[in-house]
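I opened my notebook for a look around this protein, pockets and strands included. Here is the structure I worked from.

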Amino acid sequence: MQKYDFDQNVRRRGTGCVKWDEVPEGFTAEEMQDVVPLWVADMDFAVAPAIQEAVRRRAEHPVFGYTVVGDEYYDAVIGWFRRRHGWTIRREEILYTTGVVPAMSVAIKALTMPGERVLILSPDYNCFFSSIINNGCQVGETVLKSVECRVENVEFATALKATSTAVANSTLYTMHSTFEIDWSDFEAQCADEKTTVFLLCNPHNPTGRVWTREELERMNDICLRHGVKVVSDEIHCELTMPGYTFQPFAAVSEACRQNCVILNSPSKSFNIAGLQAANIICANAEWRHRLNRAININEVCDLNPFGPVALVAAYNESEDWIDELCQYLWQNYVALCEFVARELPQLRVSRLEGTYLPWVDVSALGVPVEALCDRLLREGHVWVNPGTMYGPVSGRGYIRLNIACPRAQLMEGLERIAKVIKSIKEL
């Protein structure tokens with residue numbers, strides 16, 4: 001029986017919320033009042049009750065001063081990953097900071113010299129590009145290969161058929177594509193003497209891939225062969241679809257554990273990004289010393305009073321909430337597939353293995369994605385991200401959607417998208 005109501009409409013407009021109150025250049029606040037936001041990676045669901053209660057209790061104390069991160073914080077992190085993912089973390093391996101993006105900058109600063117190259121799998125999370133460049137490094141890109149796929153994952157196929165027989169039996173096989181690594185190019189990029197760090201997104205945003213143990217091990221083997229360190233952003237680790245299991249990079253093997261820095265946070269999975277608490281996890285003591293120095297150089301060494309209590313409540317008391325959330329996101333994904341198959345068959349929805357951010361191929365429309373997204377916002381009053389945000393070349397022909405919202409809101413946004421696309425001859 002479902003315990004949590006993800007269909008609840010939580011009003012966020014007017015609360016200083018980036019997703020709902022941001023006004024893009026060229027628009028006015030009045031023009032944005034009717035917009036359905038399906039863009040930034042932020043969920044519209046009420047936070048788990050245990051987290052709400054923990055923050056409420058802390059807020060009852062009238063002083064919000066500098067905060068000590070205590071044993072319960074470390075125990076919660078260690079317990080969660082051991083219980084949930086079979087990954088044993090030692091307390092001394094954990095360094096806390098304010099967010100995964102600051103953690104990314106810390107890792108790049110600690111492990112590179114200006115002018116060196118940081119390799120990514122493109123298209124990739126847009127902050128990867130800015131963090132690399134802002135730390136004086138160059139972006140190296142291995143472009144992921146889009147390939148046709150059938151639903152070979154038995155659990156995924158079974159869940160799909162149970163949710164939507166029509167999609168399972170017909171259009172899904174022809175609609176979906178997935179993404180693979182070009183291993184030859186990946187090795188060539190790692191072999192370049194300027195490449196010193198590989199920045200991985202695991203699970204991958206925006207393609208929705210959940211990398212397998214075998215893929216992660218192969219990545220590390222190649223990186224070790226060429227002296228490349230791995231930094232793995234694992235912020236979406238709890239958000240997986242049926243049949244797919246997140247594999248922590250550090251838990252693949254001892255060789256992986258010693259050659260990586262992990263960036264993680266409950267913020268994305270539990271919808272608490274505004275409370276600003278994240279962790280850098282590193283087994284290599286020398287690297288950890290450098291990371292700790294970079295945290296202080298970047299001055300992201302203090303947490304606010306609410307982040308630690310929210311993390312503890314998330315990891316210790318909210319596991320059933322995250323399980324129900326993933327089921328709801330799966331149902332939203334299937335609803336998206338059904339809608340596209342029925343109303344917009346010229347589009348192709350990439351197979352979503354993890355995250356709540358479907359990657360949709362709109363290249364058949366023959367329209368630059370920036371122009372399409374601008375028209376969707378101006379005329380359809382629905383906000384989505386152009387794929388070129390995640391790779392100026394590799395993102396061409398794609399848009400990224402956010403399905404982490406009540407289903408009624410998602411369907412309203414899709415109806416608006418369809419109305420604009422059906423007038424595509426005017427573009």
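**Entry 1: what a pocket is.** Before looking, I wrote down the term: a pocket is an open set of grid points with protein on both sides within 12 Å along at least five of seven lines, and its lining residues have an atom within 4 Å of a point. I also noted that this is a predicted model.

**Entry 2: the largest pocket.** I looked up its volume and found about 1,200 Å³ of space. Which residues of the lining lie nearest the centre of the largest pocket? They are Ala41, Asp42, Ile272, Ala273 and Gly274, out of 46 lining residues. I then checked the helices: H2 (49-59), H4 (100-111), H5 (126-134) and H12 (267-270) each give at least two residues to this lining. By class, the lining of the largest pocket holds 26 nonpolar, 14 polar and six charged residues.

**Entry 3: the second largest pocket.** This one has a volume of about 250 Å³. Its lining counts 15 residues, and Arg84, Glu238, Thr240, Tyr244 and Cys326 lie nearest its centre. Helix H3 (71-85) and helix H15 (319-343) each supply at least two lining residues. H15 has the largest share, with four residues. I sorted the lining of the second largest pocket into seven nonpolar, four polar and four charged residues.

Entry 4: How many cavities of 30 Å³ or more does a search of the whole structure find? The answer is two. The largest cavity has a volume of about 60 Å³, and the residues lining it include Leu336, Phe339, Val360 and Ile417. The lining of the largest cavity has 10 nonpolar residues, no polar ones and no charged ones.

The second largest cavity holds about 30 Å³ of space. Among the residues lining it are Trp87, Glu93, Arg257 and Cys260. Strands E9 (260-264) and E10 (278-282) each supply at least two residues of this lining. Here I counted seven nonpolar, no polar and two charged residues.

**Entry 5: strand E7.** Is strand E7 (residues 195-201) mostly covered or uncovered? It is mostly covered, as seven of its seven residues are buried. On one pairing, three bridges join E7 to strand E3 (residues 117-122), and the two run parallel. Val118 stands opposite Val197 of E7. E7 also pairs in the parallel sense with strand E8 (residues 229-233), over five bridges. The bridge partner of Val197 in E8 is Lys229. From E7 the chain crosses through helix H10 (residues 213-225) to E8, a right-handed β-α-β crossover.

**Entry 6: a four-stranded sheet.** I traced an open sheet with the order E11-E12-E15-E14 and antiparallel pairing. Why is one side of E11 (348-349) and of E14 (385-386) left without a neighbour in the sheet? Both stand at the edges with a single partner strand each, so one side of each has no neighbour there. E14 pairs with E15 (residues 398-400) over two antiparallel bridges, and Asn385 stands opposite Arg400.

**Entry 7: the whole protein.** I ended with the overall picture: 17 helices and 15 strands. The radius of gyration is 21 Å, close to the 22 Å of the globule rule for 427 residues, so the protein is as compact as a globular protein of that length. Its C-alpha atoms fill a box of roughly 60 × 55 × 45 Å along the principal axes. Of the 427 residues, 59% count as buried.

How values were computed: Residues numbered from 1 in each chain as written. Predicted model: local features only at pLDDT ≥ 70, side-chain atom pairs only at ≥ 80, totals over all residues. Heavy atoms only, no water. 1 Å grid on protein atoms, 1.4 Å probe; cavity = no way out; pocket = protein on both sides within 12 Å on 5 of 7 lines; lining within 4 Å. Points joined across faces, edges and corners; volume = space filled by probe spheres on them. Nonpolar A, V, L, I, M, F, W, Y, C, P; charged D, E, K, R; others polar. Buried < 20%, exposed > 50% of the residue type's maximum accessible area, 1.4 Å probe, protein only. Pairing = 2+ DSSP bridges. Right-handed = clockwise from strand over helix to strand, strands pointing away. Rg over C-alpha atoms; globule rule 2.2 N^0.38 Å.
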